[in-house]
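Hi everyone, thanks for making the time. Let me put the model up on the screen, and then we can walk through it together.

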Amino acid sequence: MTLPAPRLALCLLALALPGISVAEPPEWSGNPDATLVIKTLPGMMRYDLGELTAAPGARVKLTLENPDDLQHNLVLLKADPQDKDGQKFAQDTWLLGEKVIATGWVPRDHPRILAASALLNPAASETLYFVAPDEPGDYPYVCTVPGHSLLMRGILQVRKPGKVLTDLTYAIYRGDWNKLPDFSTLQPVETGKLPDGRIDIGVAKKFPGGFGIVFEGKLTATEAEDYHFFLASDDGSRIIVNGEGIVDVDGIHPMGDPKEGKEKLTEGTHSLRVLYFEKSGNRGLSVGLRTKSLGWQDLSVEPSSRRATKAPPTPILLTPKNGEAITHRAFLPGVNPRGIAVGYPGGVNLAWDADALSLALIWRGGFLNVASHWEGRGSGSQLSGYDQVKTGHGLPMQQLKSLDEPWVPTSTATIKYERDKDNPEKDMTFHVRHPDYQFLGYRLDPKNRFPTFRYRYRDAEVSERFGPDSIDGREALVRTITVTGSVPADTWFRLADTGSLEKNEAGWHPVDSKLWLKVEGAEPVVRSVDGKKELLVPIEAAAPEKRLTVTYWWQTEIGGRVK
Amino acid sequence: MKTIVRLALLTAVLSGSAAAQQAPGASKEADYYTITTFEAPAPDVALEGGAIALLPDRKIAVCTRRGQIWVVENAFEHPAKPAKWTLFAEYLHETLGLAWRDGWLYAVQRPEVTRMKDENGDGRADVFETVSDAWGIKGDYHEYNFGSSFDPQGNLYTVHCLTGSFTSEALYRGWVLKISADGKMTPFACGVRSPGGIGFNAAGDLFYTDNQGAWNGSSSLKWIKPGSFQGNPNGNIWFDYAGGAIGDRPKNPPLTEQGSRTVIERDNIATYIPPAVVLPHGKVGNSPTGIVPDLSGGKFGPFAGQTFVGEQTHSKIHRVFLEKVNGIYQGAMFPFREGFDSGNIGLLLTDDGVMFTSGSNRGWGARGTRNWNFERVNWTGKVSFEIHEMRARPDGFELTFTEPIDPASATAAAFTMDAYTYIYQKAYGSPEVDQVKPKLTVPSVAPDGKSLRLTVEPMTKGHVHELRLAGLKSAAGLPLLHDVAYYTLNEIPAK
């Protein structure tokens with residue numbers, strides 16, 4: 001009974017490790033016809049590109065990057081009418097089991113394989129070199145790691161290149177618009193020419209915002225077929241072919257998933273116009289088309305519209321129904337990880353922070369999009385409504401010796417971050433539960449399922465209940481804070497640390513350009529610490545029964561979409 | 001002969017016959033254990049089960065990754081008596097643990113252990129009490145928490161995935177915590193990477209499954225000895241916060257590129273417990289999950305006292321025989337049942353011998369092609385011809401069988417064995433290394449044909465001993481239903 005010497009075994013094994021590629025790059029590696037990069041999407045079990053394009057016989061340099069935290073590979077296959085998407089190949093590979101484990105889930109001598117990566121570890125990448133098939137067609141690529149091919153696959157489209165979009169010009173206009181203007185009534189401030197197939201909003205990069213561009217060119221169809229156009233932009237845009245609008249994503253919005261429009265074109269030349277405008281902030285325009293004979297063609301410098309894989313996923317909107325609130329626990333943007341979102345009937349919503357024991361956010365209109373929480377590996381929900389106000393300011397209560405004593409809103413500690421290091425150097429700050437507080441949970445009202453949150457503060461128990469309201473036709477939220485048991489003298493509850501806060505004539509405290517609040521039960525104090533105003537309420541003085549009623553009231557018409 | 005068989009298999013695979021798409025062993029397994037598939041209570045429900053618990057009155061509760069808790073009536077009788085589903089709670093945060101005690105349903109979700117009650121009797125929980133939130137979360141999707149059922153003392157155990165694939169960035173990520181029914185938390189063990197389930201064996205000892213990755217050459221079933229270090233050092237930064245509950249911080253395993261071996265580091269790190277049963281990565285599965293003991297006393301077939309382990313990626317359930325040698329657990333894994341509809345995560349095996357499983361393929365992929373499953377496994381009453389137990393002996397193994405064997409088939413030629421281990425290293429996973437090809441002999445078969453001794457030369461401490469018994473026949477002339485076993489030899493018994 002002897003144990004083989006580990007060191008020797010390790011040397012041998014390094015060569016056999018699936019993560020190490022042994023193929024030599026070809027002579028042409030420095031001068032490929034096409035350079036493609038494809039990535040795995042972290043937590044999504046997908047590649048970022050569902051389509052790649054190459055010309056027949058092109059020398060292709062394809063880099064696979066794996067930022068996901070699972071092992072993945074990419075196997076490019078010859079076309080097979082019985083297995084157009086490569087899934088059967090992946091399933092069959094799985095059945096080979098341990099025979100292909102050592103080769104990174106790739107049956108290396110399989111006749112269908114055109115190119116195959118190693119099994120890439122998390123954060124690894126590999127560059128493959130191959131010559132695209134001479135025969136135009138659809139060549140599937142899949143990740144053959146068991147279970148992955150259901151979602152992790154795509155098509156290399158081998159297509160004869162054509163001069164699709166030529167004689168391309170642009171004209172820039174100035175103006176402050178919320179949707180596409182009638183450019184025909186306006187005078188351009190600048191015009192010019194662009195290279196074939198390269199729609200580029202970079203021509204207006206000197207303008208900070210408030211501009212529009214009209215791109216015009218000649219579209220050459222080599223055969224009569226359906227042309228599928230894809231358009232995404234920030235802000236609005238439209239594709240017009242032969243004078244007819246085909247795809248429209250007008251209005252103010254961020255880049256979304258590309259929108260598709262179809263037009264059957266005859267063989268010959270056609271006119272293509274793309275209208276675009278940008279109001280302010282981020283900008284972007286991606287235009288692409290796909291036909292059976294051409295495959296995918298980017299018509300713009302920005303190629304993102306070919307990202308056929310859906311990221312972010314299709315929204316799943318939660319909406320309170322039947323007069324009942326929804327109390328939804330998830331990672332929420334702008335809230336500590338122990339987030340609880342509550343959507344009330346009538347379009348008033350809040351986020352409770354069960355780490356800081358505070359009302360973190362309120363917003364109105366739509367409640368939540370839970371797609372990224374319920375799809376993929378669960379990265380969290382997104383708010384979907386309007387007029388978000390940050391109402392949370394950290395831990396809610398504190399004993400102050402004087403009104404000059406600063407508020408301590410967080411409870412954190414520092415530790416050395418380690419990742420397989422004997423001498424860690426990096427400090428890491430992390431959240432620790434404040435010893436004065438403990439979240440106790442919540443109780444749902446039997447009638448409308450409104451939650452009442454409970455937590456302990458020192459020897460007292462605090463409960464907070466919320467209810468939607470409406471004042472003068474605008475949304476409001478009423479918060480009732482009840483403290484049971486004793487709190488030390490000079491214990492204050494902090495309600496706000498933004499806005500001017502000074503009580504106005506109507507008896508309200510402005511906390512935001514669009515939100516006021518009012519306190520009943522105790523007289524609040526507005527104090528200034530380091531030039532920043534805070535609204536504090538003395539708990540002990542609150543009457544009756546140490547109860548505070550706080551009303552939040554929107555002052556504007558609904559409209560500012562949550563970020 | 002062997003070459004021909006392989007070629008035949010390859011041809012079958014390439015020709016893409018429908019049979020090749022099916023789990024190959026599923027049809028035969030169905031003679032002994034049937035799978036009953038439940039449909040969703042409503043078309044828009046994603047029943048991505050994370051854990052399953054038995055409630056009073058033979059009701060079953062299943063909690064899902066989307067945070068729903070369903071109560072199922074007639075789950076044992078369905079479809080003869082159709083299942084009735086009640087949505088007890090929803091919108092919780094990725095519930096992966098469920099336990100019943102004293103009128104409360106306890107659920108383990110990302111932020112906390114919560115207990116729930118329906119006070120007004122409308123079938124829906126209205127009280128949600130935070131039992132414990134004594135660990136940190138940063139907001140990374142890796143930060144899963146699985147929870148066990150209650151032990152006889154009224155504690156449940158939670159196991160906490162690291163923050164990412166490699167690091168612990170919030171309190172007790174990579175730890176096992178003991179939580180009493182009224183919320184007292186005591187740190188229990190450390191060294192976890194990415195768990196898939198936590199539960200007890202028949203003796204009441206606690207185990208969890210951990211996934212292949214950094215410091216895990218393969219996925220495995222691990223024994224959570226109180227106070228133990230499970231192998232991944234990156235969560236050990238939290239020892240200052242543990243108040244000495246599990247002693248001092250263990251020293252780090254070698255952080256070098258070449259890594260080490262578990263069998264070597266056991267001698268260097270006092271509290272390090274090696275995997276009890278390695279589930280060889282890729283060969284038997286990719287992602288082990290829930291753990292249940294068979295306490296049915298034979299109502300679930302011949303495996304009373306053994307342990308079943310779910311497998312998400314391969315949509316299977318494994319069977320595990322455990323034994324304690326020189327104070328630590330080790331044992332063998334056998335295939336049990338495949339062909340589930342999705343990636344099994346939660347398991348339940350009731351005392352009257354009925355198994356339930358539920359799971360999901362979301363985000364991680366599974367062989368079962370549906371996005372989720374809720375399925376019941378019943379024993380048909382027929383006993384399959386299987387290895388029953390596999391015990392280590394000083395010079396080999398003792399195998400027992402569920403049916404008498406044909407002694408004439410029990411020659412050395414009927415058996416093959418490969419032994420190997422994995423690198424214990426900071427890099428992701430490991431290939432099989434240090435291969436050993438032991439020489440096998442069969443010195444004796446018991447007179448009743450129900451057991452035999454297998455001499456193995458050499459026995460390699462720390463290695464998986466992969467045994468294949470293709471040639472063995474039962475007295476009735478049948479081959480084994482599953483002719484492979486993977487024994488993890490942490491210790492070699494002295495006698």
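Before I go on, some housekeeping. What you see is a predicted model, in which local features need pLDDT of at least 70 and side-chain atom pairs count only at pLDDT 80 or more, while totals for chains, interfaces and linings use all residues. Residues are numbered from 1 along each chain as its sequence is written, and chains are lettered from A, with ligands numbered from 1, in the order in which they are written. Helices (H or I, at least four residues) and strands (E, at least two) are DSSP runs, numbered from the N terminus.

α2 of chain A covers residues 87-96, and seven of its ten residues are buried, so to speak mostly covered. By buried I mean that 20 or more other C-beta atoms lie within 10 Å of a residue's own; with 12 or fewer a residue is exposed, in between it is partly exposed, and the C-beta atoms are placed from the backbone. Chain A has three helices and 40 strands, and its C-alpha atoms fill a box of roughly 90 × 85 × 45 Å along the principal axes. Of its 563 residues, 42% are buried. Two residues are in contact if their C-beta atoms, placed from the backbone, lie within 7 Å. Among the chain A contacts between residues at least 6 apart in sequence, 64% join residues at least 24 apart.

The domain bounds come from an automatic or database domain assignment. For chain A that gives domain 1 (28-158), domain 2 (165-306) and domain 3 (317-415 + 430-554). The centres of domain 2 and domain 3 of chain A, taken over C-alpha atoms, are 45 Å apart.

Next, please find strand β9 of chain A, residues 153-158. Six of its six residues are buried, so the strand is largely enclosed by the rest of the structure. In a regular strand the side chains alternate between the two faces of the sheet. In β9(A) both faces are covered, with Arg153(A), Ile155(A) and Gln157(A) buried on one side and Gly154(A), Leu156(A) and Val158(A) buried on the other.

What lies beside β9(A)? Strands count as paired if DSSP finds at least two bridges between them. Strand β3 (residues 51-54) of chain A runs parallel to β9(A), joined by four bridges, and Ala54(A) stands opposite Val158(A). Strand β8 (residues 137-142) of chain A runs antiparallel to β9(A), with six bridges, and there Tyr141(A) has Gly154(A) as its bridge partner.

There is also an open sheet of four strands in chain A, in the order β16-β13-β18-β19, with antiparallel pairing. β16 (259-265) and β19 (295-298) stand at the edges with a single partner strand each, so one side of each has no neighbour in the sheet. From one strand to the next the twist averages 25 degrees, where axes are lines fitted to C-alpha atoms (for helices, over the stretch in contact) and angles run from 0 to 180 degrees between N-to-C directions. β18 (residues 284-291) and β19 of chain A pair over four antiparallel bridges, with Arg290(A) opposite Trp296(A).

Over to chain B, which is divided into domain 1 (28-379) and domain 2 (387-488). Their centres are 29 Å apart, over C-alpha atoms, and the contact takes 33 residues from domain 1 and 27 residues from domain 2. On the domain 1 side, β21(B) gives the most, with six residues. By class, that side has 18 nonpolar, ten polar and five charged residues; Ala, Val, Leu, Ile, Met, Phe, Trp, Tyr, Cys and Pro count as nonpolar, Asp, Glu, Lys and Arg as charged, and the others, Gly among them, as polar.

Finally, how do the two chains meet? The contact takes 58 residues from chain B and 64 residues from chain A. On the chain B side, β9(B) gives the most, with four residues, and the classes there are 22 nonpolar, 24 polar and twelve charged. β9(B) is also joined by three bridges to strand β31 (residues 437-444) of chain A, and the two run antiparallel. If you want one pair to look at, Tyr442(A) stands opposite Phe128(B).

That's my tour, and I'm happy to take questions.
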